[in-house]
Amino acid sequence: MMPVLDIEGLTVDFTARMGTHHVLKNVNLRVERGEIVGLIGESGCGKSTLAMSVLDINTRNRHMSGQIRFMGEDLQKLNREKMRELRGRHIGFIPQASMNALNPLVRVKKQFIETIRAHVDMPEKEMLALSRDMLSLVSIDPERMNAFPYEFSGGQRQRLMIALSMLLSPELIIADEPTTALDAMIQLQIIDLLKNTAREKNTSLLVISHDLHTISRICDRIYIMYAGRIVETGTKEEILRSPRHPYTQKLLSSRLPLMVEPVRVKGIPGRPPSTLKVYQGCEFLERCERSFELCREKKPPECTGRARVSCHLCHVEG
Ligand SMILES: Nc1ncnc2c1ncn2[C@@H]1O[C@H](COP(=O)(O)OP(=O)(O)OP(=O)(O)O)[C@@H](O)[C@H]1O
Ligand code: SF4
Ligand SMILES: [Mg+2]
């Protein structure tokens, strides 16, 4: 079957006063029908840029090459109007920090109705019924539809966003850091809810996070991103049980066990490379304990999906 989302060789640069920022580098990523896929990497590695490239937002000073296909259609070939329709109706987006994305001064009911109205022609009664169903699905009492967003907790607002993104039964939902800024217990509730709602509606889900431990719970497959490049991909089991890239291995060992309160992310020592520089060898070199000569001279082979890891070690070891 045709993948819902198929990204091939996606490269994104931004020109700025300081020079050119190389943000995404030859990224290959696929989401199959009904699949839950995780995109994981530390802050600044390019995760949101990937999401925004799919949705065609944040286009200022952007130079993009490669291909993005959604349900077989090349997104770069669509005109504005079609792109707008796609965005609201076929691809649901839960943007980063989205629990603050609801307009605080507009009642929930109105925000839901307006979202529907922007895309489909439907009698108001049906719009209301649909909204009520979605609220129930995310365990928010539909009777509270007349409340304002500020009358809900952060976790509840995040659930409202999930409901809102799923209102029109999109084929794909992109959730960018859906649980950051929530406490550990609520985080787990929210990601389980995301999973259950996606499964219930047979929606594909691309979930973006810096937190491998929390997000991996719900994923079928995972992509690990480092400095704008996919460095490893595999099923959840492959990534969690036998990570092969030194970065993935560090990510897995760098966090206290789940549910330790407060959750502290013990980062990986060293800093990610500058987006302004072009590196001849492996971008993880400076932080890698297993680097050897070749790593400085030559870029490791690209992670294409069929090749699971982008690291010289794996290709030496076989
Ligand atoms: N319009 C732009 N102009 C210049 N640089 C940009 C632009 N948009 C993003 N970047 C840069 O691209 C890099 C990746 O940013 P991005 O927001 O994609 O990271 P991220 O992985 O989502 O990080 P976080 O986990 O903190 O959300 C950053 O260095 C950022 O400064
Ligand atoms: S290619 Fe070399 S430097 Fe890069 S992750 Fe592999 S061993 Fe480390
Ligand atoms: Mg981001």
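**Around ligand 1, and a look at the cysteines**

Modeller: Quick note before we start: this is a predicted model. By class, the residues in the shell around ligand 1 are three nonpolar, nine polar and three charged.

Colleague: OK, and which residues come nearest to ligand 1?

Modeller: There are 15 residues around ligand 1, and the nearest are Ser-43, Gly-44, Lys-47, Ser-48 and Thr-49.

Colleague: How far is the polar side-chain atom of Ser-43 from an oxygen atom of the ligand? And what about Lys-47?

Modeller: For Ser-43 the distance is 2.5 Å. Lys-47 also has a polar side-chain atom by a ligand oxygen, at 2.8 Å.

Colleague: Which side chain has an N or O atom 3.4 Å from a nitrogen of ligand 1?

Modeller: That's Asn-58.

Colleague: How much of ligand 1 does the protein bury?

Modeller: The protein buries 70% of the 640 Å² that ligand 1 exposes when taken alone.

Colleague: Which elements give two or more residues to that shell?

Modeller: Strand E2 (19-31) and helix H1 (47-55) do. H1 gives the most, with three residues.

Colleague: Switching topic: how many disulfides are there?

Modeller: A search of the whole structure turns up zero.

How values were computed:
Residues are numbered from 1 along each chain as its sequence is written. Chains are lettered from A and ligands numbered from 1 in the order in which they are written. This is a predicted model: local features need pLDDT of at least 70, side-chain atom pairs count only at pLDDT 80 or more; totals for chains, interfaces and linings use all residues. Side-chain values use heavy atoms; hydrogens and water are left out. A residue is near a molecule or strand if one of its heavy atoms lies within 4 Å of it. A polar contact is a pair of N or O atoms within 3.5 Å; within protein, one must be able to donate a hydrogen and the other to accept it, and residues adjacent in sequence count only if both atoms are side-chain atoms. Accessible areas come from the Shrake-Rupley method with a 1.4 Å probe; for residues, only the protein chains shown count as cover. Helices (H or I, at least four residues) and strands (E, at least two) are DSSP runs, numbered from the N terminus. Ala, Val, Leu, Ile, Met, Phe, Trp, Tyr, Cys and Pro count as nonpolar, Asp, Glu, Lys and Arg as charged, and the others, Gly among them, as polar. A disulfide is a pair of cysteine sulfur atoms within 2.5 Å.
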